[in-house]
Amino acid sequence: MTFQEVFDEVRNVFMQADVSDYQGHLALQVNLQGDGQGAFYAELNNGNLNVEPYEYYDRDILVTTSAASLL
């Protein structure tokens, strides 16, 4: 899988989450290694979720894994 394919699949799953009750800010970055290599982030901010295919340098959590393990 390419990074874009992995990102699209993960983003679709994340965007189904109901985060409307979450108050505060949390930023998670995922670094993918091997096939589908790349980085993306998910940001929760006062009930809103944003998932983008970029690095987030002021993150709270950093996860490094393979695309296969993530999926």
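## A buried glutamate

The side chains of glutamate 43 and histidine 25 are joined by a polar contact of 2.7 Å; a polar contact is a pair of N or O atoms within 3.5 Å, where within protein one must be able to donate a hydrogen and the other to accept it, and residues adjacent in sequence count only if both atoms are side-chain atoms. The model is predicted, so that local features need pLDDT of at least 70 and side-chain atom pairs count only at pLDDT 80 or more, whereas totals for chains, interfaces and linings use all residues. Residues are numbered from 1 along each chain as its sequence is written, and side-chain values use heavy atoms, with hydrogens and water left out.

Glutamate 43 is buried but has no salt bridge, and arginine 11, the nearest side chain of opposite charge, is 11 Å away. Here buried means under 20% relative accessible area with a 1.4 Å probe, protein chains only, and a salt bridge places a side-chain nitrogen of Lys or Arg within 4 Å of a carboxyl oxygen of Asp or Glu. Lys and Arg count as positive and Asp and Glu as negative, while His and the chain ends are not counted. Beyond its neighbours within four places in sequence, glutamate 43 is in contact (heavy atoms within 4.5 Å) with residues including His25, Leu26, Asn50 and Tyr56.

## Strand pairing

Glutamate 43 lies in strand S2, in which six of the eight residues are buried. Strands are DSSP runs (E, at least two residues), and helices are runs of H or I with at least four. S2 pairs in the antiparallel sense with S1 over eight bridges and with S3 over five bridges; pairing requires at least two DSSP bridges.

Valine 30 stands opposite phenylalanine 40 in S2. Towards S3, alanine 42 is opposite valine 51 and leucine 44 is opposite leucine 49.

## The nonpolar core

The largest nonpolar core has 13 residues, and Phe3, Val6, Phe7, Leu32, Phe40, Leu49 and Val51 touch the most other members. Such a core is a set of buried Ala, Val, Leu, Ile, Met, Phe, Trp, Tyr and Cys residues joined through side-chain atoms within 4.5 Å. Helix H1 (3-14), S1 (25-33), S2 (38-45) and S3 (48-52) each supply at least two residues of this core, with the largest share, four residues, coming from H1.

Definitions and conventions. Buried means under 20% relative accessible area, exposed over 50%, partly exposed in between (1.4 Å probe, protein chains only).
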